[in-house]
Amino acid sequence: MATRREFLTVTASTLAGAALTPRTAMGAPKSMTVVRESSFIKPFDDYFAKTLAGEYEKSTGIKINYEAVSVGGMLTRLTTIAETKAGPEIAMTALNWPHLFDKSLVDVSDIAGEIGKQLGGWHENVLEVLVVNKKWKALPWGNIGQLEVYRTDWFKEVGVNKFPETWEDLLAAGRLLKKKGHPFGFELGHGFGDNHGWLYPLFWSYGGREVDRDGKTVVIDSSETAKAVDFCRKFYQETMFEDVLGWTDVNNNKAFFGEQISCTNNASSILEVGLRQFPDIAKVTDHAMNPSGPKGRFHVLNAVSHAVLTHAPDQAAAKAFLRWLYDDKQMSRWLASANAYYAPFLHGYDNHPMWNVEPRYLPYKECLKTSRPHTWPGPQGQAASESVAKYVLVDMFAKACRGDSTKDVVATAATQLKQIYKAK
Amino acid sequence: MAVGPASVARASLAGRATSRRSLLERESVFSWVMLAPGVLFLLAFVAYPFVYGIFISLQDRRVASPGSFVGLANFVAQAQDAVFWQVTRNTFIYTIVATFLKMTGGLAMALVINQQFRGKNLARALLLLPFIVPTVLSTVAWMWIFDPTFSVINWTLRHTGLVTENFSWLGNATLALVSIIIVNTWRGLPFYGITLLAGLQTISPDLYEAAAIDGASVTQRFWHITMPVIKPVLIIVTMFSVIFTFSDFQLPYILTHGGPANATHLFATYAFDIGMSAGQFGMGAAVALAMLPALGLLIVALTLYLRRE
Amino acid sequence: MVGGKGLGARTLRLYLPLGFFLVAMLFPFYWMAITSIKPNRELYSQKIMPLVVHQPTLTHYIELFDGTNFLTWTYNTMLRPSSPPSSRSCSA
């Protein structure tokens, strides 16, 4: 570079050259991208990315690209896509996100109607998380249930042959087990699935409610809530150990395989991994429904679903793909590849052969009837998501367990909820 | 015939070409051209997000929805939220304690590796590793080290007979804050160490010899020779370190995600949860901007102090 | 140089603190390394001495290359070489 001018000229022309590369012509979609969160089940992800995508391309010529987001990152990714109005055309949604992203999702009520008719109708309780203003904003895929996972051998040792029916019975069993060096380990930290998986059901089964149906009044300050909190404190102190207060979703899996705990609340991942890597432990592992409280038995609803983003250049093509995916011919196979990890919301699949493979997964189907979304019966929407993101309910129980008074923790939660819901 | 219109034109063209070349050859113009990419980068990736952040914090802005101006309502709402004050407390404690530990530890490390010994360069390179390795990676390693069930720290403490119980490093609120401080100190100590080492190396050993001959003790030599020389370096390093510790995100997010019960939530993690998990960009931006007054004051104070020196 | 030249003084001034820093700074990397070659039965056992590997195994590495898209991720990371300098110093 003899002179500065030469240097600048070279740089400028290189940049100009790079900017002027010819662009591909815009037209009918040659490809679409589907973004999903990685499941724990590789065959399931692969079945979509390789098998199903390949079949669709062969029959329509449209290439389906699969983008996988790491576990826990789907909400962030979806937020980015919705904000920037760019990226994948079809996205996996979960929980009440169809409400959060209502304005960015295409109405898919027509597909929902067709599939419902073809396959025996949808379970009622999933509607409230994805029907916004009478329009379906996502198509339900399956529920990731959270159930009691326990060591049958250790329970038998203390004389409990059938999993306890009520929370009080479970407490009694836990006392005995803790004395024998096999405490319980229920998550009380800032994870996502395994804390809400038992805390909401516990709360609801004692009659606790956060807000009323229209979200205008905060009703958490009640005797039912106080009973639930008091029970939780007793349950923690008599059956668990301090670590659980800081547990996130992976810790109870580790503790279970490390043979440190005899019972926890989890999705089917423990048995799933156990069957593959810890066969001795898997032999003595089983699932049970959440115990019932004075006001009923509950489970949390975590409905995975699929939605079309409004920024998609060809919404009709994206909807057509979903219609094809959700057709019994495809959906049935894809569900089966997941080994009953997802419990489908269609009555037509109540007796799907995938349930016959491993009887211990059957409770995940049973619990659908009593599953409710986070913050139920309050309205699903912005405030619900904020309340969950701020761990209002989880921290209420966690603080009580570490020793704070029931009155204080409930008052704190009530104040937070009033601010979040802008309610009385 | 010798000087026709064409040759006049040619001459003036040549003149213009020469002046264009000399324009670019001028130092001031060339330096601006060289600076331009850097300045543009800063404007695009630092200034713009910052200003946009302030803009969002004054709105009721939810994900994928247009925002409506609400003035300082978000800030007022945060000021009335007990969790926000918990987060503030956590961040200040985290920053102050970790910075103090890194400063003293880094200085100690610098003093140690400033000496002559075989393998000196290898040692210096190895000691820099915690700072170089990506945070995500080292934090996961620390997760296993602190793991409630399998913590090697607990195992070691129990087996050397020092304690009888297991410490709940990530379950106990106080210990959890201690844990993230430990990891932050571990990660940032080499940064202090290497930078202070550079400062120490500017001190000629003759100064120490002369002082020793004059009868100065070890501490006197330290306070009156070492400290004055490295004070400017120390202040600058501390300023950078405080800024990045105060706004730390990766470490607390991965290790505890703000738990147990908000005991380790810092400004950055809390702002992220509000913004990305609840879709409340306005509130999230307000929480993030809450870092500004404290940091701004600190930078101003340190810069003035430095100028005084 | 100033100060005692004997082994005792040198140990106190150099070897002891140096050893302490080396162990403190490098232990997590040692831990990562041995965790990656420990079989599950050792990782999930609470009775075994965790500071060494008793029966090293390569199964975790095999799972990483076989069961995940690790090579793709590595490729992606390499393709984005220079992160801006400001983000580098973010770990101070």
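Residues are counted from 1 along each chain as its sequence is written, while chains are lettered from A and ligands numbered from 1 in the order in which they are written. Because the model is predicted, local features need pLDDT of at least 70 and side-chain atom pairs count only at pLDDT 80 or more, whereas totals for chains, interfaces and linings use all residues.

**Domains of chain A**

Chain A is divided into domain 1 (31-137 + 302-358) and domain 2 (147-300 + 373-421); such bounds come from an automatic or database domain assignment. The C-alpha centres of domain 1 and domain 2 of chain A lie 29 Å apart. Ten residues of domain 1 of chain A are in contact with twelve residues of domain 2 of chain A, where contact means that the C-beta atoms of two residues, placed from the backbone, lie within 7 Å. On the domain 1 side, helix H4 (97-100) and helix H6 (127-130) of chain A are the elements that give two or more residues. Helices (H or I, at least four residues) and strands (E, at least two) are DSSP runs, numbered from the N terminus.

**The sheet of chain A**

An open sheet of five strands in chain A has the order S2-S1-S3-S11-S6, with mixed pairing; two strands pair if DSSP finds at least two bridges between them. Its edge strands, S2 (63-69) and S6 (139-143) of chain A, each pair on one side only. Neighbouring strands are turned by 20 degrees against each other on average, direction ignored.

S1(A) and S2(A) pair in the parallel sense over seven bridges, and Met32(A) has Ile64(A) in S2(A) as its bridge partner. Together with helix H2 (residues 42-60) of chain A, S1(A) and S2(A) make a right-handed β-α-β unit; right-handed means that, with the strands pointing away from the viewer, the path from the first strand over the helix to the second runs clockwise.

Helix H14 (residues 315-325) of chain A lies across S1, S2, S3, S6 and S11 of chain A and runs at about 145 degrees to S11(A). Axes are lines fitted to C-alpha atoms, for helices over the stretch in contact, and angles run from 0 to 180 degrees between N-to-C directions.

**Contacts between chains**

In the pairing of chains A and B, 36 residues of chain A are in contact with 37 residues of chain B. Several helices of chain A give two or more residues to this side, including H1 (4-19), H3 (74-84) and H19 (406-421). H3(A) gives the most, with five residues. Chain C also meets chain A: four residues of chain C are in contact with five residues of chain A.

| Side | Nonpolar | Polar | Charged |
|---|---|---|---|
| Chain C, touching chain A | one residue | three residues | no residues |
| Domain 1 of chain A, touching domain 2 of chain A | five residues | four residues | one residue |

Chain C has five helices and zero strands.

Technical notes
Ala, Val, Leu, Ile, Met, Phe, Trp, Tyr, Cys and Pro count as nonpolar, Asp, Glu, Lys and Arg as charged, and the others, Gly among them, as polar.
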